Amino acid sequence: MLINSEEYRAMFEVEDNLWWYKILHGKVISEINSFANGNKQIKILDAGCGTGGLLLKLQDAGYQNIQGFDFNDDAVAFSKSRGLNVQKLDITHLQGVFEKESFDVIVSDDVLYQFEDDVIEKTISSIVDILKHNGIFITNNNAFEIFRGTHDIAVGSKKRFILKDFKAYLSNAKDVSILKHHYWSLLLSPLILVVRLVQKLKLKLHLVDLQNIKSDVEMPSEFMNNLFYNICITESKILKKSPFGSSLFLVIKKEK
């Protein structure tokens, strides 16, 4: 549910190759592979699928029972142009749309930041309702307010998260626990922070056209793209649980 169609077009054009999407999709698929243990028939839902990049990767990985939804017409159209099973739905109104305990895995990446805390808590509760027992909910979200910049305005972000936010959202949920979590990318944080501080300065000096604001979703040079990707890969190998970064990745499990 980004603000304008140009942001979805930018996503559609770069998500196959941009370092950030490659790292994120790799994290998600790694967790799904570990959960599935070779079973390619598990039912997977991408809740807020954007232009379908993750679904395409899951399809390429051999998963057969996959579907997604997004609230934005452009996102749905881009996803359908890839031949994906995607429909238009509102993630905040899932009651009655799917049967309870329908999915083994539900993924929702960088969607929840658009909502207030009470809506997020209700949305997570609805997601848990349609998750099978022993199923997992994978979610990646922007982290730490210090990283806020023009990117957040462009994508309609109302907040950035830390781990205790999700602990609070799940505090009233039964039989649900955070199985894994980590922040990323620690090693790129200084660079990202400098970029966002410059963005804040430009906003303060009224040097940004708020009517034509753009996100940071843009393809860098091949050299820089490969460099950022390899830095993140290196970080994942040496740090299993980073304490800081611009994103927070969680795996939440629904117990029996």
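Q: Which lysine forms a salt bridge with aspartate 117?
A: In this predicted model, a salt bridge needs a side-chain nitrogen of Lys or Arg within 4 Å of a carboxyl oxygen of Asp or Glu. The closest N and O atoms of the pair are 2.7 Å apart, and the partner of aspartate 117 is lysine 159.

Q: How many residues apart in sequence are the parts that aspartate 117 and lysine 159 tie together?
A: Aspartate 117 belongs to helix α5 (residues 117-129). Lysine 159 sits in the loop between α6 (150-154) and α7 (163-169), so the pair joins parts of the sequence separated by 42 residues.

Q: Is lysine 159 buried or exposed?
A: Buried means under 20% relative accessible area. Aspartate 117, at 38%, is partly exposed. Lysine 159 has a relative accessibility of 14%, so it counts as buried.

Q: Where does the salt-bridge partner of lysine 132 lie?
A: Lysine 132 forms its salt bridge with aspartate 104, with 3.5 Å between the closest N and O atoms. Lysine 132 is in strand β5 (residues 131-142), whereas aspartate 104 lies in strand β4 (residues 103-107).

Q: How many salt bridges does a search of the whole structure find?
A: Side chains of opposite charge can pair when their charged atoms come close. Searching the whole structure for such bridges gives a total of twelve.

Q: Why is the pair of phenylalanine 98 and phenylalanine 103 edge-to-face?
A: Planes over 60 degrees apart count as edge-to-face. The ring centres of phenylalanine 98 and phenylalanine 103 are 5.2 Å apart, and the angle between their planes is 80°, so the pair is edge-to-face.

Q: Which lysine lies over the face of phenylalanine 103?
A: Phenylalanine 103 counts as buried, with 2% relative accessibility. At 5.3 Å from its ring centre, over the face of the ring, is lysine 43.

Q: Which residues do ring pairs link into a cluster?
A: The structure has twelve aromatic pairs. Ring pairs build a cluster from Phe144, Phe147, Tyr183 and Phe244.

Q: Which element gives the largest share of the lining of the largest pocket?
A: The largest pocket has a volume of about 1,100 Å³. Its lining has 48 residues, and those nearest its centre are Trp20, Tyr21, His151, Asp216 and Val217. Elements giving two or more residues include α1 (5-14), α3 (53-60) and α8 (189-204). The largest share, five residues, comes from α2.

Q: How many residues does α2 give to the lining of the second largest pocket?
A: The second largest pocket has a volume of about 430 Å³. Among the 22 residues that line it, Lys27, Glu31, His182, Ser236 and Lys240 are the closest to its centre. Here too α2 gives the largest share of the lining, with a count of six residues.

Key
Residues are numbered from 1 along each chain as its sequence is written. This is a predicted model: local features need pLDDT of at least 70, side-chain atom pairs count only at pLDDT 80 or more; totals for chains, interfaces and linings use all residues. Side-chain values use heavy atoms; hydrogens and water are left out. On a 1 Å grid over the protein atoms alone, a cavity is a set of points where a 1.4 Å probe fits but cannot get out, and a pocket is an open set with protein on both sides within 12 Å along at least five of seven lines; lining residues have an atom within 4 Å of a point. Grid points are joined across faces, edges and corners, and a volume is the space filled by probe spheres set on the points. Helices (H or I, at least four residues) and strands (E, at least two) are DSSP runs, numbered from the N terminus. Rings of Phe, Tyr and Trp (its six-membered ring) pair if their centres lie within 6.5 Å; planes under 30 degrees apart count as stacked, over 60 as edge-to-face and the rest as tilted. Buried means under 20% relative accessible area, exposed over 50%, partly exposed in between (1.4 Å probe, protein chains only). A charge sits over a ring if NZ of Lys or CZ of Arg is within 6 Å of the ring centre and within 35 degrees of the ring normal.
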